[in-house]
Amino acid sequence: MKKIISILVITFLLLSCVGNDKAISRESIGKINKVMVVAKISDWTGDVGQEIRNSFGELMVGLPQPEPILDISQVAPVGFNSMMKASRNILIISESDTEGFSVKTNVYAQPQTIVYVQAKDDESIIKLLQKHKNKIKSIFLEADIKFTQSIFEKDKQDNTYYKTLKNLGISLTIPTKFNTVDDTGDFLWLRNHLTSGIAKTGSNNILVYSIPLGDESKIKDNIVAVRDSIGEVHIPGTDAETQHMITEEAYTPFTFDATIDGKKAYETRGKWEVKNDFMAGPFLNYTIIDKKNNRLIVFEGFTYAPSVNKRSFLFELEAIAKSMKIQ
């Protein structure tokens, strides 16, 4: 009898939770790098909405076509129904006597990230958005990195298959869709052929190698020279005698501080091209300082996908790079 009563109580509690949108058993929905903004129409069409669009509409550096770092859509609070609450990334703007900025996860679905921004009036909300805009973007991007990595984890390759990764003592969560182009033991090149329908549209590529550490003060300035030297040796064009990958001369790459597996690193974004040819595209380079082994580990991803947007391809490569573990 006690067991029956316990079962009934648990069932009632579960049903109650579902009715109040508290259950997190359902999976979240939504595209990668997209945020749904919950805000009044008057806020969205006014200064608050403009501030959000300005912040989230910042263009990603290093891409041939202009693409924002994050896409955004808006729904009014009255339309924030059960289906909308399953969105993976949500920014909720509201007016309140208490000013606040907070983050919650897995409130209505899983995985889910919700950022709350509240203040007494539009001016105060805008100030909060301006103060926290970089943090807000990072929160959503990092959540999407983890989500992407969790997908790749379900269909990953066995790292011991690659001589270079074994020799370097590193591991990466690499999806099985990547195939080996070259694996010398010192240099790894993987490629995923991209398709649209039945037509090939290009490729996503991964390079992994290491070089001696040298003078730490010169690492940042030498990133382009190192990648160009690797391109000359390992990444030929159609004519291997006269063509190879180089950093696009007309576009200066951007380099930022980064952290990979708890180690200091540099993230460089820019454009590559093939010398004496018309092939080109964006690249993402992580140069990681591995003091323990007196070396730099380099992970580079580059995309060749003419006439299509490339942000999502670079984001996949970023997620793979940030899965790196170094022995």
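A pocket is an open set of grid points, on a 1 Å grid over the protein atoms alone, with protein on both sides within 12 Å along at least five of seven lines. In this predicted model, the largest pocket has a volume of about 720 Å³. Its lining is made up of 22 residues, and those nearest the centre of the pocket are Ser138, Leu141, Glu267, Glu318 and Lys322. Two or more residues of this lining come from each of H4, strand E11 (254–260), strand E12 (263–274) and H7. The greatest share belongs to H4, which gives 8 residues. Sorted by class, the lining of the largest pocket holds 9 nonpolar, 4 polar and 9 charged residues.

The second largest pocket has a volume of about 240 Å³. Here 16 residues form the lining, and Trp189, Arg191, Pro236, Met279 and Phe302 are the closest to the centre. In the second largest pocket, 9 lining residues are nonpolar, 6 are polar and 1 is charged.

Of the 327 residues, 46% count as buried. Among contacts with a separation of 6 or more, 59% join residues 24 or more positions apart.

Two packed helices are described by the angle between their axes and the distance between the axes. The axes of H4 and helix H7 (residues 311–321) come within 9 Å and cross at roughly 80°. Angles of 65 to 115 degrees count as roughly perpendicular, so H4 is roughly perpendicular to H7. On the H4 side, the contact is made by Leu141, Asp144, Ile145, Thr148, Gln149 and Phe152, and on the H7 side by Phe315, Glu316, Glu318, Ala319 and Ile320. By class, this contact has 6 nonpolar, 2 polar and 3 charged residues. Leu141 of H4 and Glu318 of H7 take part in the contact, and both are listed among the residues nearest the centre of the largest pocket.

The model also holds 2 cavities of 30 Å³ or more. About 40 Å³ of space lies in the largest cavity, which is lined by Glu51, Ile52, Ser55, Phe56, Leu129, Lys133 and Ile136. The lining divides into 4 nonpolar, 1 polar and 2 charged residues. The second largest cavity has about 30 Å³ of space. Strand E9 (199–212) and helix H6 (219–234) each supply at least two residues of its lining, and H6 gives the most, with 3 residues.

Finally, Pro64 lies in the loop between H3 and strand E2 (71–75). Its relative accessibility is 38%, so Pro64 counts as partly exposed. Leaving aside residues up to four places away in sequence, Pro64 touches Lys271, Pro282 and Lys310. The C-alpha atoms of Pro64 and Arg311 are separated by 9.9 Å, although these residues are 247 residues apart along the chain.

Definitions and conventions
Residues numbered from 1 in each chain as written. Predicted model: local features only at pLDDT ≥ 70, side-chain atom pairs only at ≥ 80, totals over all residues. Heavy atoms only, no water. 1 Å grid on protein atoms, 1.4 Å probe; cavity = no way out; pocket = protein on both sides within 12 Å on 5 of 7 lines; lining within 4 Å. Points joined across faces, edges and corners; volume = space filled by probe spheres on them. Nonpolar A, V, L, I, M, F, W, Y, C, P; charged D, E, K, R; others polar. Helix = DSSP H or I, 4+ residues; strand = E, 2+ residues; numbered from the N terminus. Axes fitted to C-alpha atoms, helices over the stretch in contact; angles between N-to-C directions. Parallel < 35°, antiparallel > 145°, perpendicular 65-115°, else oblique. Contact = heavy atoms within 4.5 Å. Buried < 20%, exposed > 50% of the residue type's maximum accessible area, 1.4 Å probe, protein only.
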